[in-house]
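This report describes one protein chain for a reader who has its sequence and structure at hand. Please keep both in view while reading.

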Amino acid sequence: MKIAVFGLGYVGIVSAACLARDGHQVIGVDPQDTKVDLVNGGKPPIIEKNVGELIAEAVDSGALRATTSPAEAVAFADLSLVCVGTPSRKNGSLETGAVAKVCEEIGAAIAAKGAPHTVVIRSTILPGTMRGLVIPTLEKAVGARARELLRVANNPEFLRESTAVYDYDNPPKTVVGSEDPEVAQAVLDLYADLPGPKIATRLEVGEMVKYADNSWHAVKVAFANEIGNIAKAVGVDSWDVMDIFAQDTKLNISPYYLKPGFAFGGSCLPKDVRALTFKGRDLDLDLPLLNSLIATNTGQVDRAVEMIGDYGVRNIAFLGISFKAGTDDLRESPQVTLVERLIGKGFNLRIYDRNVHLSRLLGANRAYIESAIPHIAEILSDDLDAVLGHGDLVIVGNPAPEFKFLGGKVRSDQKVLDLVRVPGLSADLGDRYSGINW
Ligand SMILES: NC(=O)c1ccc[n+]([C@@H]2O[C@H](COP(=O)([O-])OP(=O)(O)OC[C@H]3O[C@@H](n4cnc5c(N)ncnc54)[C@H](O)[C@@H]3O)[C@@H](O)[C@H]2O)c1
């Protein structure tokens with residue numbers, strides 16, 4: 001393909017050099033003469049392993065050149081990759097000025113060229129930027145023929161500086177966001193020979209994935225550091241701990257616990273987090289991440305209470321009160337906390353849970369539920385239909401298998417708030433359905 005790469009910084013120059021190596025005809029664009037001159041002289045504008053050799057070879061063979069002229073680049077290419085910077089403003093917000101400017105330039109060049117052109121944003125941009133800034137700016141600049149000439153996609157970049165060429169060749173995944181499957185496929189085809197999953201998705205998902213990734217990486221570093229700080233203070237080798245931690249690919253380094261939904265609970269997680277953070281305070285350690293866990297969890301219960309209040313109804317059918325399906329352990333169930341809060345606010349609840357039979361609850365478990373919800377016997381039932389019949393609003397509190405069939409049972413005047421994302425329920429219920437955070 002003939003490809004224009006806008007922005008000859010870390011991302012742009014690596015993409016340009018690798019695409020040229022892989023047989024494409026590439027033209028790089030940057031307003032900085034020095035960068036353009038360096039590339040045209042076969043030299044890298046950045047320090048990055050292997051990039052120098054790739055640029056020298058590509059320029060030598062004629063596969064890569066650079067220009068300061070967007071019009072020249074768009075006239076030459078079928079597709080533009082936008083790799084301009086999106087730095088932080090002083091207040092932390094995203095500076096999208098360079099993205100807007102490059103869209104104006106590319107749009108005007110497409111209008112002048114009068115032929116279809118694909119614009120792919122590789123710069124990191126917040127969800128909504130494609131639809132709110134990139135597309136309208138391009139459309140305005142292209143003018144009357146925008147619908148006919150313009151194709152757009154978002155293609156977040158996952159490379160790391162210092163291993164950028166290796167990362168380009170071995171991406172953890174390739175993600176393309178576009179509302180047009182043909183455009184998404186054409187962009188994925190650019191990377192056809194690269195390993196890893198290739199994913200076409202919605203525009204906003206493509207934008208958001210990059211932020212989920214980088215926030216997660218930051219959480220991992222902060223977590224390892226706080227665990228390390230505690231370990232050192234108690235005389236334990238933190239690297240021994242984290243080496244073992246990382247060998248657990250079932251619960252630790254895995255998709256487990258990474259689905260948005262309701263608060264964590266049960267007899268271990270809250271207790272153990274509290275004990276560890278108490279120990280941290282005892283050791284005079286500053287542990288902002290670990291200390292935030294209980295607060296963020298409580299916040300998720302608050303969020304549910306607020307969402308339920310917004311429905312403006314009083315009668316609620318609450319399905320699933322144990323912290324996960326298939327257990328009758330109610331200790332520290334956030335669903336119990338939610339029920340308690342709702343009763344306190346005057347909602348009229350009936351609760352269904354197939355696994356919870358008061359007569360069979362013993363010891364601490366029974367004492368806990370009786371103190372948390374004193375009149376639970378009057379509102380708890382194992383008759384799903386009877387409980388469902390009571391609610392103007394149905395809350396799904398855990399993923400018990402029988403909740404998959406709720407679509408066929410819920411009345412047309414009832415709404416459902418799902419805290420756990422029961423498969424298929426959203427499609428079955430349409431606009432009567434809401435998820436807590438999807
Ligand atoms: N650096 C990384 O490791 C990395 C990794 C993944 C994603 N990203 C994202 O990729 C984007 C680019 O990052 P970077 O580190 O390569 O930035 P950078 O600052 O190194 O390079 C940006 C380049 O864009 C050029 N530019 C500005 N306006 C332009 C215009 N109108 N036309 C053409 N070029 C223009 C600048 O002159 C500069 O050379 C950012 O959104 C960043 O968040 C960076």
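Which residues of H14 are buried? In this predicted model, Pro334, Gln335, Val336, Thr337, Leu338 and Val339 are the buried residues of helix H14. The sections below place H14 in its setting, beginning with the chain as a whole.

## The chain as a whole

The protein chain contains 18 helices and 14 strands. Its C-alpha atoms occupy a box of roughly 80 × 60 × 40 Å along the principal axes. Of its 438 residues, 33% count as buried. When contacts between residues at least 6 apart in sequence are considered, 66% of them join residues at least 24 apart.

The domain assignment divides the chain into domain 1, covering 2–201, and domain 2, covering 297–435. The C-alpha centres of domain 1 and domain 2 are 49 Å apart.

## The six-stranded sheet

Six strands make up an open sheet with parallel pairing, in the order E11-E10-E9-E12-E13-E14. Strand E11 (380–381) and strand E14 (433–435) each have a single partner strand and stand at the edges, so one side of each has no neighbour in the sheet. In general, strands of a sheet pair through backbone hydrogen bonds, in either a parallel or an antiparallel manner.

Strand E10 (residues 348–352) pairs with E11 in the parallel sense over two bridges. Within this pairing, Ile351 has Leu380 of E11 as its bridge partner. Helix H14 (residues 334–344) packs on the sheet and touches strand E9 (315–319) and E10, its direction making about 155° with that of E10.

The buried residues of H14 pack against helix H13 (288–310) and helix H15 (363–372), as well as E9 and E10. Just after H14, Gly346 has a positive phi of about 95°.

## Two residues compared

Tyr352 belongs to strand E10. Is this residue buried or exposed? Tyr352 counts as buried because it has 27 C-beta neighbours inside 10 Å, and the cut-off for a buried residue is 20 or more. Apart from neighbours within four places in sequence, Tyr352 is in contact with Leu319, Ser381, Asp382, Leu384 and Val387. The C-alpha atoms of Tyr352 and Ile321 are separated by 7.4 Å, although these residues are 31 apart along the chain.

Pro399 is found in the loop between strand E12 (393–396) and strand E13 (415–418). This residue counts as partly exposed because it has 18 C-beta neighbours inside 10 Å. With neighbours within four places in sequence left aside, Pro399 is in contact with Ala325, Val420 and Val422. From Pro399 to Gly62 the C-alpha distance is 59 Å, and the two are 337 residues apart in sequence.

## Helix H6

Helix H6 (residues 129–142) has 14 residues and reaches 18 Å from its first C-alpha to its last, close to the 20 Å expected at 1.5 Å a residue. Where does H6 bend? The bend, of about 30°, is at Ile135, and the proline Pro136 follows within four residues. After H6 comes Gly143, with a positive phi near 90°.

The buried residues of H6 are Thr129, Met130, Val134, Leu138 and Val142. An α-helix has 3.6 residues a turn, so residues three or four places apart point the same way. The buried residues of H6 pack against helix H5 (97–113), helix H7 (146–149) and helix H10 (203–233), together with strand E5 (117–121) and strand E6 (150–154).

Conventions:
Residues are numbered from 1 along each chain as its sequence is written. This is a predicted model: local features need pLDDT of at least 70, side-chain atom pairs count only at pLDDT 80 or more; totals for chains, interfaces and linings use all residues. Domain bounds come from an automatic or database domain assignment. The expected span of a helix is 1.5 Å times one less than its number of residues. The bend at a residue is the angle between axes fitted to the seven residues ending there and the seven starting there. A residue is buried if 20 or more other C-beta atoms lie within 10 Å of its own, exposed if 12 or fewer, and partly exposed in between; C-beta atoms are placed from the backbone. Two residues are in contact if their C-beta atoms, placed from the backbone, lie within 7 Å. Two strands pair if DSSP finds at least two bridges between them. Axes are lines fitted to C-alpha atoms, for helices over the stretch in contact, and angles run from 0 to 180 degrees between N-to-C directions.
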